[in-house]
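Here is a short report on one protein model. Please look at the sequence and the fold before reading on.

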Amino acid sequence: MRKSTLRIFSLLLVSALAAAMHTERAGGVAAGDLWCVAKNNAQDDALQAAIDWACGPGGADCRPIQQGGSCFDPDDIQSHASYAFNDYFIKNGGAEAACNFSGTAALISLNPGHGSCQFPSSSSSKSGSVLSATNGSTVGLGPYADLNSSPSISCWDCSIWSFVGVLYVVLTALL
């Protein structure tokens, strides 16, 4: 009887921890670092028009995606659009509305920076300064999941429930 009571207690403790750690922004986007990137299935002409706007009237700093810039490589429209979109997004306070570009952009929670090409995150815009985001867990701009079906993607739930599951297994094994 004592062991089952301890297991129930450990399950309640783990659930409380998960609930305390699970906070979300309005719109269903998990709190934390976010980046605005080009959707992988956006048409090249739509991406080019969005880049032209972001780098022109939008005021994004597109020097890093010019030849010789730190984010020129890979030299493809999707990578360049992602950098321009993210710069515009950050300069506009990391607001979800600043990551649309006629439906060609989406928010992600994985840093798209690579090598010397660093993308600032939404949390850097909240501090009033734009800093390079270097969290040690960057991923390249390689093929994205199909982002067309959702305006934003986050795996906050995935990581929380993985943590909860591991914690529960450990606690029950110890009890």
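The report below covers the fold, the disulfides, the backbone and a surface charge patch.

## Basis and fold

This is a predicted model, in which local features need pLDDT of at least 70, side-chain atom pairs count only at pLDDT 80 or more, and totals for chains, interfaces and linings use all residues. Residues are numbered from 1 along each chain as its sequence is written, and side-chain values use heavy atoms, with hydrogens and water left out.

The protein chain holds five helices and two strands. Helices (H or I, at least four residues) and strands (E, at least two) are DSSP runs, numbered from the N terminus. Read from that end, the order is α-β-α-α-β-α-α. Of the 175 residues in the protein chain, 37% are buried. Buried means under 20% relative accessible area, exposed over 50%, and partly exposed in between (1.4 Å probe, protein chains only).

## Disulfides

The whole structure contains three disulfides. A disulfide is a pair of cysteine sulfur atoms within 2.5 Å. One joins Cys36 to Cys99, with S to S at 2.1 Å. The link of Cys36 and Cys99 is right-handed, with 90 degrees about the S-S bond. This pair ties together distant parts of the chain, 63 residues apart: Cys36 lies in strand S1 (residues 35-38), and Cys99 in the loop between H3 and strand S2 (105-108). Both Cys36 and Cys99 are buried.

Cys71 and Cys117 form another disulfide, their sulfur atoms 1.9 Å apart. The torsion about the S-S bond of Cys71 and Cys117 is about 105 degrees, so this disulfide is right-handed. Again, distant parts of the chain are linked: Cys71 is in the loop between H2 and H3, and Cys117 is in the loop between S2 and helix H4 (122-126), 46 residues apart. Cys71 counts as buried because its relative accessibility is 3%. Cys117 is buried too, at 1%. Cys55 pairs with Cys62, S to S 1.8 Å. The link of Cys55 and Cys62 is left-handed, with -85 degrees about the S-S bond. Cys55 is partly exposed at 28% relative accessibility, whereas Cys62 is buried at 8%.

## Backbone features

Most residues other than glycine have a negative phi, and most peptide bonds are trans. Phe101 has a positive phi, near 50 degrees. Ser102 also has a positive phi, near 55 degrees. Phe101 is found in the loop between H3 and S2, and Ser102 is in the loop between H3 and S2 as well. Is each side of this pair buried or exposed? Phe101 is buried, at 10% relative accessibility. Ser102 is exposed, at 76%.

The peptide bond joining Asp73 and Pro74 is cis, with omega about 0 degrees. Pro74 sits in the loop between H2 and H3.

## Negative patch

Which residues gather in a patch of negative charge on the surface? They are Asp44, Asp45, Asp73, Asp75 and Asp76. Patches are made of residues with over 30% relative accessible area and no salt bridge, and like charges are joined within 9 Å. A salt bridge is a side-chain nitrogen of Lys or Arg within 4 Å of a carboxyl oxygen of Asp or Glu. Asp75 lies in the loop between helix H2 (44-55) and helix H3 (77-91). Asp75 counts as exposed because its relative accessibility is 52%.

Terms used:
Patches are made of residues with over 30% relative accessible area and no salt bridge: like charges are joined within 9 Å, nonpolar side chains (Val, Leu, Ile, Met, Phe, Trp, Tyr) within 5 Å. Accessible areas come from the Shrake-Rupley method with a 1.4 Å probe; for residues, only the protein chains shown count as cover. Lys and Arg count as positive and Asp and Glu as negative; His and the chain ends are not counted. The place of a charge is taken as NZ of Lys, CZ of Arg, CG of Asp or CD of Glu.
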